[in-house]
Amino acid sequence: MSEMPITNAKVHNHNFVVQATPVKRLCKIQNIITVNGMYPGPTLEVQNGDTLVVNVVNKARYNVTIHWHGVRQIRTGWADGPEFVTQCPIRPGKSYTYRFTIQGQEGTLWWHAHSSWLRATVYGALIIRPKEGESYPFPKPKRETALLLGEWWNKNPIDVVRQATRTGAAPNVSDAYTINGQPGDRYNCSSKDTLIVPVASGETNLLRVVNSALNQQLFFRVARHKFTVVGADASYVKPFTTSVLMLGPGQTTDVLITADQPPAKYYIAARAYASAQGAPFDNTTTTAILEYKSANSTKPHMPRMPAFNDTTTATSFTTKFRSPRKVQVPTKIDHNLFFAVGLGLNNCPRGVSRSRCQGPNGTRFTASMNNVSFVLPSNFSMLQAHQQGIPGVFTTDFPANPPRKFDYTGNVSRSLWQPITGTKVYRLKYGETVQLVLQGTSIFTAENHPIHLHGYDFYILAEGFGNFNPSRDTAKFNLVDPPLRNTASLPVGGWTVIRFVADNPGVWLLHCHLDVHITWGLAMAFVVENGVGELQTLEPPPADHPIQATPVKRLCKSHKIITVNGMYPGPTLEVQNGDTLVVNVVNKARYNVTIHWHGVRQLRTGWADGPEFVTQCPIRPGKSYTYRFTIQGQEGTLWWHAHSSWLRATVYGALIIRPKEGESYPFPKPKRETALLLGEWWNKNPIDVVRQATRTGAAPNVSDAYTINGQPGDRYNCSSKDTLIVPVASGETNLLRVVNSALNQQLFFRVARHKFTVVGADASYVKPFTTSVLMLGPGQTTDVLITADQPPAKYYIAARAYASAQGAPFDNTTTTAILEYKSASCSAKCNSTKPHMPRMPAFNDTATATSFTTKFRSPRKVQVPTKIVHNLFFAVGLGLNNCPRGVSRSRCQGPNGTRFTASMNNVSFVLPSNFSMLQAHQQGIPGVFTTDFPANPPRKFDYTGNVSRSLWQPITGTKVYKLKYGETVQLVLQGTSIFTAENHPIHLHGYDFYILAEGFGNFNPSRDTAKFNLVDPPLRNTASLPVGGWTVIRFVADNPGVWLLHCHLDVHITWGLAMAFVVENGVGELQTLEPPPADLPVC
């Protein structure tokens, strides 16, 4: 019998309540922010391999996040914690659960707040012991004590940093240092609570020392005792002996201490290592007491502390670290980076009060890496933007080297003291190796910087003083047993070299752990792309991941819009053919909502289709519903959107379906893929727009802009900065997934001087064809290949209206994004030049629209239904209702005192309100709908001619057409010229259909049937019904349920341009609608 591996890994559940707590220090009581009322916070104890689940509830008045300092967070970047980097903050009154596993780490780490300066009081130890049955690589100590060194202000630390930010000056230094939250008996009013660390003579104990101070490196000693250093930053080290430690904020050091002195009391002391010449610092000393069990009551012995500026002692300590044995240091380097790190001074901006510029000589303090002062985003986290492809949150142009070389540690020209600002990242592919030279600068003043990299440990190969010289200093690299750390001490006026492998996908902050410096911008971030397979891929965000719901600013105005997860557009969902999606929708808005998965077949899962009152009752405010469905036989681009009132104006996102594992596209694999969602923007609440139109009977106001991925582009006011950039490299072929998410407008789409190869539409592949222009109706998707075969430059991606309704108002603006070549030749010439603009078709260019829509073919011969059971003819169009008697004229503001309406076969569709139609069908509830929708217009007429006014007023009703399972349907969609002819994008839920033909005028079966393509017609879910023309589709009724057929111009479905098919169950389970889910909303 073979032995089975046994794991004893545990899951540790904790609750952190962030709250204000009264604490007395230095004779004063202050309300400070704590976790669970503790200062410092709770110590977490785990074993290597265990999982931590920590629910953080924010009952404080500030936003908060928690960072698990030094935890690798393999694939769990959502739990790393830095505010607006890996998550949006936990707002007051909200909560978030951090879930992560400790993998391959043993020793001491810690946790702390990573929002503003909250970590001054919100922090605690994280102790990681060996796995069950394993032991330390040193004799087991008798006792273990965590000693957290901190700083204390007699003011609210948030007020301290806010004052500094407001004035541009350096913040006030702390009033005391602390050990485990206590200043010690050398400060006023502090003797009684001085920390006592008990020992017995002869025993060896383990001290876990953490520098939790906000802004100060610290020397640490115990009077008359020596330490044996055995670990640092949760990695073991080759043991060495020292009498003094120096830790930068963020660093941890594990030391053994033997009680080998005469029984007495000995001070444990910490004081500043302050390397910045002339800079103010807290020059006090904090103490605890190492107390032998048999000690008398005499005063403790005090250690002789190093001078505050003793760089020799600091360097002697930091350079002693080695790994316990030979390690595999990366030697083949993919990215050789050089980051100049330091402070700066910004000149006072023009027109700004001198009170805002109280730095040296009327300046404002700043800090930077490679001349970029880091700015945190404020609407989305960087990880969210990376994972969901949200543009405008960060740029990927962080420089690999300083833009300008200079004498970094010498007399630096004042022209280099003012960095640029930006949220810039450096991109790495999974598995690439990095060497990073961290070079200190003497801009304003040289200083020791504790540099921390989130999500990684790294090897420190060497450090030195002055400017790094590769020809001289490379020989100093320790490639045998360098120490593994997460926070490196960059020497004052010197350099440090680190190496690591980019084996953890996500967005990872690199920053100085002096919080005053990160406040000034001394940071950057690495974006590490996913590798191959699940184990090299970032996990999806947790369901309770906090997302900021803030006003969205477009066209110079801020609006509160309805979004999913605070995102506009919403998150992109990526799946493979055959995958199942489970999406829990929680409605925290003030309107009812449903979500429709546009184009998903929903085989037997009609309850998940989403149209309000058709397949479900709406999700009421405060309620939730989980959509569960499987993608079956579909590949390409679909999308999801709200299907309640006009909420889909802002509630929508892409749904990308890739081939099954091991299968590929039927075209060469593109270098990159980009989803482009075309939308519309109103400067008013879209719900108010449609409500006003419904109230008055008039047409609704047209939009104020079109958008691409939520951004109008630089041809609109106040929109240049956030214009979407689509990067390309010369020669590469990329895939654009274009979705018309606009509410009410067909759109032309072009890229200047480039052609497209169309390869897919509505999640079906098509026979490839070339075109320079696309035309998409709302609801339609088109996948195109685009080759970067033009001279390196910037080229506008543009979309504008195809407006076919003669005389009807429309939004006649153009939205743009930019296709930007990334080649070196472009970077020099193109950055300041204006992008090339494509020549767009005229708004009424029906010839171009028709030329495009009629080019689609299936890739090969298909099985088109030929034996037709139901031969249907639906006349589709607008209408005008006369103003009802007794109704105010203010309610009838359509043409000549009428009210707009729309219909199919003279029936204007009315949604039910008490039950959904699917529920009524499945449960046999009467009175919700009738089954008498006409197969043909009740009266034949010249549909596209001069229509009698007697036909302009349809009847109203909730009428369906019933089909048996497996029956075949041919449907002629006939446009009409009632009021005006118009192109209509007609969408059928729950089905794809073959488009056999389209044409203009009235459909004539004796003439037009010969035009039917019965060989390779395209498979679509949304058909463009030509202006003043007809379209013929066929499908097999093989999906039981209630399925809406409607115009996807939302103004038209509002007016009633819809009907529904009821498809009965067939034989057996596989032809039967699934039962309704338990959480199906009730009306």
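Tyr96 counts as buried, at 1% relative accessibility (buried is under 20% relative accessible area, exposed over 50%, partly exposed in between, with a 1.4 Å probe and protein chains only). Tyr98 is likewise buried, with a relative accessible area of 0%. The model is predicted, so local features need pLDDT of at least 70 and side-chain atom pairs count only at pLDDT 80 or more, while totals for chains, interfaces and linings use all residues. Residues are numbered from 1 along each chain as its sequence is written, and side-chain values use heavy atoms, leaving out hydrogens and water.

Rings of Phe, Tyr and Trp (its six-membered ring) pair if their centres lie within 6.5 Å; planes under 30 degrees apart are stacked, over 60 edge-to-face and the rest tilted. By this rule there are 61 aromatic pairs. Tyr96 and Tyr98 form an edge-to-face pair, 4.7 Å centre to centre with 65° between the planes. Ring pairs also link Phe339, Phe398, Tyr426, Tyr456, Phe500, Trp508 and Phe526 into a cluster.

Turning to secondary structure (DSSP runs numbered from the N terminus: helices H or I of at least four residues, strands E of at least two), helix α8 (residues 846-853) has Thr846, Ala849, Thr850, Phe852 and Thr853 as its buried residues. These cover an arc of only 160° around the axis, which puts them on the same side of α8 (the arc is that of the directions from the helix axis to the C-beta atoms).

Strands β7 (residues 107-113) and β8 (residues 123-129) pair in the antiparallel sense over six bridges, where pairing requires at least two DSSP bridges between two strands. Gly107 has Ile128 in β8 as its bridge partner.
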